[in-house]
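Here is a short report on one protein chain. Look over the sequence and the model, then read on.

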Amino acid sequence: LWTGGVSDSDYNRRAGYLKKQWRFQENDLVEIDGEQGVVHFLNIYDKGYRAKMAALENGRQLVLQPDFKESDRRFNRDQTISS
């Protein structure tokens, strides 16, 4: 827990869970087509949560989250279906 304001990306960096996941995925290699490879973590976040860059910086982890638009923006057809 930190005092004062903290951004989503800064929280993810300071909380340390992304680094722990990175170490785990690097140590838990799997065989893919006869070669040892890394399976990257998939982090699922809520709408508007900013964590993509922090996840990419920590072992190229993946991020899945619903599409998010500002209140005056409209979704297109594909974004509405995924959201």
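## Basis and overall fold

Contact means heavy atoms within 4.5 Å. By that cut-off, residues 24 or more positions apart account for 34% of the contacts in the chain with a separation of 6 or more.

This is a predicted model, in which local features need pLDDT of at least 70 and side-chain atom pairs count only at pLDDT 80 or more, while totals for chains, interfaces and linings use all residues. Residues are numbered from 1 along each chain as its sequence is written, and side-chain values use heavy atoms, with hydrogens and water left out.

The chain has four helices and four strands. These are DSSP runs, numbered from the N terminus: helices are H or I with at least four residues, strands are E with at least two. Along the sequence the pattern reads α-α-β-β-β-α-β-α.

## Surface and burial

The chain exposes about 6600 Å², and carbon and sulfur atoms supply 51% of that area. Accessible areas come from the Shrake-Rupley method with a 1.4 Å probe; for residues, only the protein chains shown count as cover. Of the 83 residues, 20% count as buried. Buried means under 20% relative accessible area, exposed over 50%, and partly exposed in between.

## Nonpolar patch

Leu-42, Ile-44, Leu-62 and Leu-64 form a nonpolar patch on the surface. Together they have about 400 Å² of accessible area. Patch residues have over 30% relative accessible area and no salt bridge; nonpolar side chains (Val, Leu, Ile, Met, Phe, Trp, Tyr) are joined within 5 Å, like charges within 9 Å. A salt bridge is a side-chain nitrogen of Lys or Arg within 4 Å of a carboxyl oxygen of Asp or Glu.

Strands β3 (42–44) and β4 (62–64) each supply at least two residues of the patch. Leu-62 lies in β4. Its relative accessibility is 44%, so Leu-62 counts as partly exposed.

## Ends of helix α1

Ser-7 caps the N-terminal end of α1 (residues 8–15). A side-chain oxygen of Ser-7 lies 3.1 Å from the backbone nitrogen of Asp-10. Just after α1, Gly-16 takes a positive phi of about 90 degrees.

## Aromatic pairs

The structure holds two aromatic pairs. Rings of Phe, Tyr and Trp (its six-membered ring) pair if their centres lie within 6.5 Å; planes under 30 degrees apart count as stacked, over 60 as edge-to-face, the rest as tilted.

Phe-24 lies in helix α2 (residues 17–27) and Phe-41 in the loop between β2 (35–37) and β3, so the pair ties together parts that are 17 residues apart in sequence. Phe-24 counts as partly exposed at 49% relative accessibility. Phe-41 counts as partly exposed at 27%.

Key:
Buried means under 20% relative accessible area, exposed over 50%, partly exposed in between (1.4 Å probe, protein chains only). A polar contact is a pair of N or O atoms within 3.5 Å; within protein, one must be able to donate a hydrogen and the other to accept it, and residues adjacent in sequence count only if both atoms are side-chain atoms.
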